[in-house]
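Subject: Structure for your review

Dear colleague,

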Amino acid sequence: MRVALFATCFNDTMWPSTPKAVVTLLERLGCAVEFPRAQTCCGQMFTNTGYATESVPLVRSFVETFTPYDAVVVPSGSCTGSVREQHAALARRVGDAGLERAVSELAPRVHELSEFVVDVLGVTEVGAYFPHRVTYHPTCHSLRMIRVGDRPLRLLRAVRGIDLVSLPAAEECCGFGGTFVMKNPDVSVAMGSDKARHVRETGAEVLVAGDNSCLAHVGGLLSRHRAGVRTLHLAEVLAATEDAPWRPGDGVDHEVGS
Amino acid sequence: MSRTFVGMPAFPLAARTAVADAQLRRNLGHATATIRAKRAAVVSEVQDWEALRARGAEVKDRVLANLDTYLLELEQRLTEAGATVHWARDADEANAIVVTIAGERTAADREAGRAPEVVKVKSMATQEIGLNEALEAAGIRAWETDLAELIVQLGDDLPSHILVPAIHRNRAEVRDIFRREMGRAGRPAPEDLTDEPARLAEAARLHLREKFLRAKVAVSGANFAVAETGTLVVVESEGNGRMCLTLPDTLITVVGIEKLVPTWEDLAVFLQLLPRSSTGERMNPYTSMWTGVHAREGVGDGEPVGDGPQDVHVVLVDNGRTDVLADVVGRQALRCIRCSACLNVCPVYERVGGHAYGSVYPGPIGAVLGPMMRGRRGALEQSLPYASTLCGACFDACPVRIEIPELLVHLRTQVVEHHRAPGSRGLPKPEALAMRAGAWTFADAGRYEKAQNASTLAGRLGDRLLHGRGTVGRMPGPLSAWSDARDAPVPPKQTFRQWWARTHTDTPADPRPDTHEGGVP
């Protein structure tokens, strides 16, 4: 099985520790992963802001880049959703039947990280060790667009040393919403403040989710409030082991060592 | 009611005021949480809820695909049962029809020096067309008889919810409105009125009773119109509707043309879906159904032909609905049965309330229906498709499976295309330029990697300037929308792909050798 990592542009540029953790995790699970360098962006931000025309070349590029692979792993619920739920409609919109067909053939092979680990690799106990108090926010597109269900929680529950506490009103949106943060900043902050409040109610030291975009928003609020709660992508929790534990950095782990 | 939604600002501006209103936030948070919990409980007890939703969507889609046939069938059955059917292309035509009929039936009052009046059943269609204002302009008073509508009308307020138009008010505010305003509209509120719900309801009951008994004309909407028999259906909770539908001699019902269901069997699906989704009840307390008139001279040779009042009029209103129908993607919005479940689960609605949506249809469905029914040219209409995080809670709650997030994206695309069209005024917006530049960059991995260098450079500089703090505080310009309330991470000094290129040099899928590393000290 040839497995490709679609890091997503946001992770590649802003949160490299996440795709790096995916590589660590998958290799530990015996799965060789490739990073096709032609990959860029799935186009979600353009599509969801109304720039469908701008997205189409990105759909084409995604299909060309990833069609050779048996499986594509994505450490993001919303980017997975963009590929699986929106690419076909974008191809249809410009009347490109060939592209639509190619998208439809590829889309079922595109998996969000927890789906890939649980469904494709058939593993829930990934050998992770994370001795911290954690709460999990199921991001909207994971939950209601691609329907990952409780897969992330099953993976987290199996982590050794973890103190997993449930988040009140977990299924409510955090208020990120892509360009919504810019277009409706007041509502976005109102929603994010409530999410941050619920996170603090849990007493967790780490907020975990499958999307760094939502985490950047909630984490940005928590950081501004000096709340003393860090955010971390699911992949980074699952990558940590007793031998190579996750190390608390200076607030944001942006050092990507070799 | 003299206030209207005309001239409302774009959504983000109205929302800014709304989220700062502590009383509004408290009232809405409490009310929506209560209805959400009730709905969740009664939906979870239905074993085949998902099948029921699918069935509801299927029936409505069938109606929309054969709307012409079913409308003519409805007209025929209504006429056979002694009702008079009127067709209205828009709000003005519909209002003129109702004003004319109501004016004729209340002429005796006018001649006797009494103010002509009609009693009203809560109806979204009549609010949509601004009927109360049209009647008022013709010198006819329209009395709302639904409790929440009464609160809105007495308070010279605007509705903020489809089901509970006064959801933004708490009971203390309601008491004040009753005490202050009831006397001007009829029987005053008792001097010792408290804010106990039972006392408030009693005051409203006494105030409304004299209007029910006096009125010669009632105006209603309809939740459903059954084509096979010409039967109109109103579901309600308070019994005020039943009073209006049965006491006055004349009943005028304003019905949007999408309210059809083909058969009674189809109706059964919606009578299960609607109360559970709307009030969170298994069944609503009052369901009124009437078919034509019970008896009228010249109809049915004196034999009863139906079971409605003596004089029954049905106004079938388009008012933008055929425009929605013409939109292949958007037409599913016409499945809407106005249950308001999407409002109650919407995190944006919960914090902003209904007024910011600038029409009688607020919340997610309003953000979709508004621009489609009223056109996409106004600043408010163009802002509505963006009044959502696309979180998807609305779709999950919708009893007829309207893909609201997909429709919002569809409408956003139309807004962007509208500005892109030749002849569109002004220069491209900064956003459009940024999006175009961004997409151009992403369309080629080489260009993208060069752009990433700017980010890693910022990371290196930021690291020095911020002494390794890792986050950035307030930033100027458009970035302030983010940084006014949130810290931002300092960009990393190395991208993932730079790390990969250094550690995995043998990847066969690499289009080119690694050349984009470093370059900045």
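The contact draws 81 residues from chain B and 74 residues from chain A, where contact means heavy atoms within 4.5 Å. This is a predicted model, in which local features need pLDDT of at least 70 and side-chain atom pairs count only at pLDDT 80 or more, while totals for chains, interfaces and linings use all residues. Residues are numbered from 1 along each chain as its sequence is written, chains are lettered from A and ligands numbered from 1 in the order in which they are written, and side-chain values use heavy atoms, with hydrogens and water left out.

Between them, chain B and chain A bury about 6,300 Å², 58% of it on carbon and sulfur atoms; buried area is the accessible area (1.4 Å probe) that two parts lose on being put together, summed over both. The interface of chain B and chain A holds 11 salt bridges, each defined as a side-chain nitrogen of Lys or Arg within 4 Å of a carboxyl oxygen of Asp or Glu. A salt bridge links the side chains of Asp194(A) and Arg351(B), at 2.8 Å from N to O. On the chain B side that touches chain A, the elements giving two or more residues include helix H1 (11–19), helix H16 (347–352) and helix H22 (445–465) of chain B. Helices (H or I, at least four residues) and strands (E, at least two) are DSSP runs, numbered from the N terminus.

Turning to the sheets, chain A has an open sheet of four strands in the order S2-S1-S3-S4, with parallel pairing; two strands pair if DSSP finds at least two bridges between them. Its edge strands are S2 (33–34) and S4 (110–112) of chain A, each pairing on one side only. Two bridges join strand S1 (residues 3–5) of chain A to S2(A) in the parallel sense, and Val3(A) has Val33(A) as its bridge partner in S2(A).

Elsewhere in chain A, strand S7 (residues 206–209) runs parallel to strand S8 (residues 230–233), joined by four bridges. Val206(A) is partnered by Arg230(A) in S8(A).

In chain B, four strands form an open sheet of mixed pairing, ordered S8-S5-S6-S9. Strand S8 (260–261) and strand S9 (286–291) of chain B each have a single partner strand, so one side of each is left without a neighbour in the sheet. Strand S6 (residues 231–236) of chain B pairs with S9(B) in the antiparallel sense over six bridges, and Ser288(B) in S9(B) is the bridge partner of Val234(B).

Yours sincerely
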